[in-house]
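Me: Please walk me through this one. I'm curious about the helix packing and the charged pairs.

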Amino acid sequence: MIMAPAGAKRNILERLDAGEIVIGDGGFVFALEKRGYVKAGPWTPEAAAEHPEAVRQLHREFLRAGSNVMQTFTFYASDDKLENRGNAQRFTGTQINEAACDLAREVANEGDAMVAGGVSQTPSYLSCKCEDEVKGIFKRQLDVFVKKNVDFMIAEYFEHVEEAEWAVQVLKTSGKPVCASLCIGPDGDLNGVSPGDCAVRLVKAGANIVGINCHFDPMTCVKTVKMMKEGVEKAGLKAHYMVQPLAFHTPDCNCQGFIDLPEFPFGLEPRILTRWDMHKYAREAFNIGIRFIGGCCGFEPYHIRAVAEELATERGCLPAASEKHGNWGAGLEMHTKPWVRARARRDYWEKLKPASGRPRCPSMSTPDSWGVTKGHADLMQHKEATSQEELKPLFEKAKASH
């Protein structure tokens, strides 16, 4: 059965409390960078105001693929990030956030989807600004989300649980459900706080849903959420759980994840997960009790379609995009070549070990392990463009490490 738009929409907690599966969307900054609408480096979302047609179309593709959540394209849309290191803007953070909310709501209303307003880590926190100043940044973004009446909030992409706690405390004042997802792995946040302890702190701060997004591959993220779940249950607390990982294989990553890989961000394509990898991810996430399952950087709509197809029995429906995709490659039955028709079966794709086609390349990389985090001189941010004098020692350090 193909999923049809529903009538009255229930909020995310009502859905999760009922045991339903909520499917998120994918990585807008990476997807739109590849399409020519986002600049790598700043990774800021001015496309919501500059090129709304591109953002709208990507929302529609994720909706068609099965997403229940249209997350506003507001990643890094705080004024301190929009103005960081010479990043010139024609739009204010408020204008970008308002445009992003309008686009997400327009597309969500075309199907059974909710709108989530999102905030993320700030340069101000890395530069050791005070709690009130960092919270003020989140509050200015929240004012837009409240004005636009989004359905729930997501505090995502936090490397330090302390900053995530501050974000949750601010978002909670809206009275709307709050999700909190950290971009950490099994080793914990960048101060060494374990995933379990991070989750407990986030729940106590007011998060209804906790989990992991970005920085690591799906199985690593699922493993980390499992550790969070165990910590919350051990503390006698209750929460729902979410996971929105990378669509890249990251077995060689250290605690800072894929940003330490030498291939980041322009050479990651050989690591991309197949749609069949996504089936395994969706099943593993479901099996450990995660019910908000989506994606982050590298996820394209076909990845989300694979998640929705894997969980079609549990959800009672298929996404609209499955009209153009036979179950486990069944569409290949119509191919002109017999050896391709022979691949129209589940056991072929489940057991496939894809070749890289790169005979001179290693199977894994050596991450850049500079070991700097909040408070280090190299992470002090400023509005002025990065100078050649600042870059020269970084180039020399990078050469010495390889």
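This is a predicted model: local features need pLDDT of at least 70, side-chain atom pairs count only at pLDDT 80 or more; totals for chains, interfaces and linings use all residues.

Me: OK, charges then. How many salt bridges are there?

Reply: The count comes to 22. A salt bridge here is a side-chain nitrogen of Lys or Arg within 4 Å of a carboxyl oxygen of Asp or Glu.

Me: Where does Lys 148 sit, and what's at the other end?

Reply: Lys 148 pairs with Asp 102, with the closest N and O atoms 3.0 Å apart. Asp 102 is in helix H6, while Lys 148 is in the loop between H8 and strand E4 (152-158), so to speak 46 residues away. Helices (H or I, at least four residues) and strands (E, at least two) are DSSP runs, numbered from the N terminus.

Me: Are those two buried or partly exposed?

Reply: Lys 148 has a relative accessible area of 26%, so it counts as partly exposed. Asp 102 is partly exposed as well, at 39%.

Me: What does Arg 60 pair with?

Reply: Glu 106, at 3.5 Å between the closest N and O atoms. That pair links distant parts of the chain, with Arg 60 in helix H4 and Glu 106 in helix H6 (residues 93-108), 46 residues apart. Arg 60 is partly exposed at 31% relative accessibility, and Glu 106 is partly exposed at 33%.

Me: And which helices does the Glu 310 and Arg 283 pair tie together?

Reply: The closest N and O atoms of Glu 310 and Arg 283 are 2.8 Å apart. Glu 310 lies in helix H13 and Arg 283 in helix H12 (residues 275-287), so the pair ties together parts 27 residues apart in sequence. Glu 310 counts as buried at 13% relative accessibility, whereas Arg 283 is partly exposed at 23%. There's a network too: salt bridges that share partners join Arg 56, Arg 60, Glu 106 and Glu 110.

Me: Switching to packing. At what angle do H4 and H13 cross?

Reply: Roughly 20°, and the axes of H4 (residues 52-65) and H13 (residues 301-310) come within 8 Å. That makes H4 roughly parallel to H13. Axes are lines fitted to C-alpha atoms, for helices over the stretch in contact, and angles run from 0 to 180 degrees between N-to-C directions. Angles under 35 degrees count as roughly parallel, over 145 as roughly antiparallel, 65 to 115 as roughly perpendicular and the rest as oblique.

Me: Which residues make the contact between H4 and H13?

Reply: Leu 58, Glu 61, Phe 62 and Ala 65 of H4, with Pro 301, Ile 304, Arg 305 and Ala 308 of H13. Contact means heavy atoms within 4.5 Å.

Me: Last one: how do H8 and H9 pack?

Reply: H8 (residues 131-147) and H9 (residues 161-172) pack at about 45°, with axes 9 Å apart. The two are therefore oblique to each other. Residues in that contact include Phe 138 and Leu 142 in H8 and Trp 166 and Val 170 in H9.

Methods: Residues are numbered from 1 along each chain as its sequence is written. Side-chain values use heavy atoms; hydrogens and water are left out. Buried means under 20% relative accessible area, exposed over 50%, partly exposed in between (1.4 Å probe, protein chains only).
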